Amino acid sequence: MNSPLRLSAPAKLNLLLHVTGRRPDGYHLLQTIYRFIDFGDEVVMESRPDGQVVRAQGAPGVEPNQDLVVRAARLLKGETGCQLGVDLGVTKRIPMGGGLGGGSSDAASVLIGLNRLWGLGLSRHALQHMGARLGADVPVFIFGRSAFAEGIGEALHPIGIRAAWYLVLIPPVQVSTAEVFADTKLTRNSNPIRIPAFFAGQGRNDLEPVVRERFPVVDQHLRWLGQFGEAAMSGSGACVFCAFDSETEARAALAQLPENMAGFVARGMDQHPLYDWLSGTAG
């Protein structure tokens, strides 16, 4: 009997996030830089012959039919006509509503894992296209490299980023991405930039002022973290981070964390742990 697949689903940071416009259909045009970190969820899957998609363990408070891992498996079945099913389980470590891409990363790992488990042989590009139907952040986890993204997040270009360790703080709130993008105070006219050779301190997160005003606790975490360098918010928040040159420096900062704050240290990764599972190069 085959053992279940146990797959990494790493978190991501947005090292910058510019809102450059809005399409007639309401989608926002973005420029962002994605980087994976060696902190994340674990997805477990085991094939079943009856065609059923069963979630044994998932995100707390999320109904199975709404869970991105279930939706990903069902989408893959529907697109390929595969007759097999799967038992799915997710061990959550990535905070929900934190801007670290947990649900999207889980869904991407399901698509990548089932592509192998079910013997489908789909390419990286095909799975990226499918992942975009689940959410704007899903394709980058299938792309599998540090990336500069444009459009609504679907146009991905590989990018080189210096080695870094990150102290990531987790404010005790969940931020709704939809509500932040709908806020009338959000600026949507950042000038587009060219694909950069990224360096620390470049760019900004255009969503950050809106979130800081809506959630004072996020502002408090950013202010505390700012004593160590350039502190920034990831995605639509609530998590915030600061880059360090070494693990020692990052952990020294973590050791000073007040008792009413929570966080962790993680290393930046240039490549997704499942990158080699798919054919075709990123981009």
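Author: Let's start with a pair of helices: α1 (residues 68-80) packs against α2 (residues 102-117) at an angle of about 35°, and their axes are 8 Å apart. Keep in mind that this is a predicted model.

Reader: How should I read those values, and which way does α1 pass α2?

Author: Two packed helices are described by the angle between their axes and the distance between the axes. Here, α1 passes α2 in a right-handed crossing.

Reader: Which residues of α1 and α2 make the contact?

Author: From α1 you get Leu68, Val69, Ala72, Ala73 and Leu76. On the α2 side, look for Gly103, Ser104, Asp106, Ala107, Val110, Leu111, Leu114 and Asn115.

Reader: Okay, on to strand β1. Is Leu16 buried or exposed?

Author: The idea is to look at relative accessible area, where buried means under 20%. Leu16 sits in strand β1, which spans residues 5-22. Its relative accessibility is 0%, so Leu16 counts as buried.

Reader: And how far is the C-alpha atom of Leu16 from that of Arg204?

Author: Those two C-alpha atoms are separated by 4.9 Å, although Leu16 and Arg204 lie 188 residues apart along the chain.

Reader: What does the side chain of His18 reach?

Author: His18 is also found in strand β1, and its side chain reaches the backbone nitrogen of Arg204 at 3.3 Å. With a relative accessible area of 3%, His18 is below the cut-off and therefore buried.

Reader: Zooming out, how many helices and strands does the protein have?

Author: There are 8 helices and 10 strands. Of the 283 residues in the protein, 52% are buried.

Reader: And what share of contacts join residues at least 24 apart?

Author: Take the contacts between residues at least 6 apart in sequence: 75% of them join residues at least 24 apart. For a pair to look at on screen, go back to Leu16 and Arg204, 188 residues apart along the chain with their C-alpha atoms separated by 4.9 Å.

Methods:
Residues are numbered from 1 along each chain as its sequence is written. This is a predicted model: local features need pLDDT of at least 70, side-chain atom pairs count only at pLDDT 80 or more; totals for chains, interfaces and linings use all residues. Side-chain values use heavy atoms; hydrogens and water are left out. Axes are lines fitted to C-alpha atoms, for helices over the stretch in contact, and angles run from 0 to 180 degrees between N-to-C directions. Helices (H or I, at least four residues) and strands (E, at least two) are DSSP runs, numbered from the N terminus. A crossing is left-handed if the near helix is turned anticlockwise from the far one by less than a right angle, and right-handed if clockwise. Contact means heavy atoms within 4.5 Å. Buried means under 20% relative accessible area, exposed over 50%, partly exposed in between (1.4 Å probe, protein chains only). A polar contact is a pair of N or O atoms within 3.5 Å; within protein, one must be able to donate a hydrogen and the other to accept it, and residues adjacent in sequence count only if both atoms are side-chain atoms.
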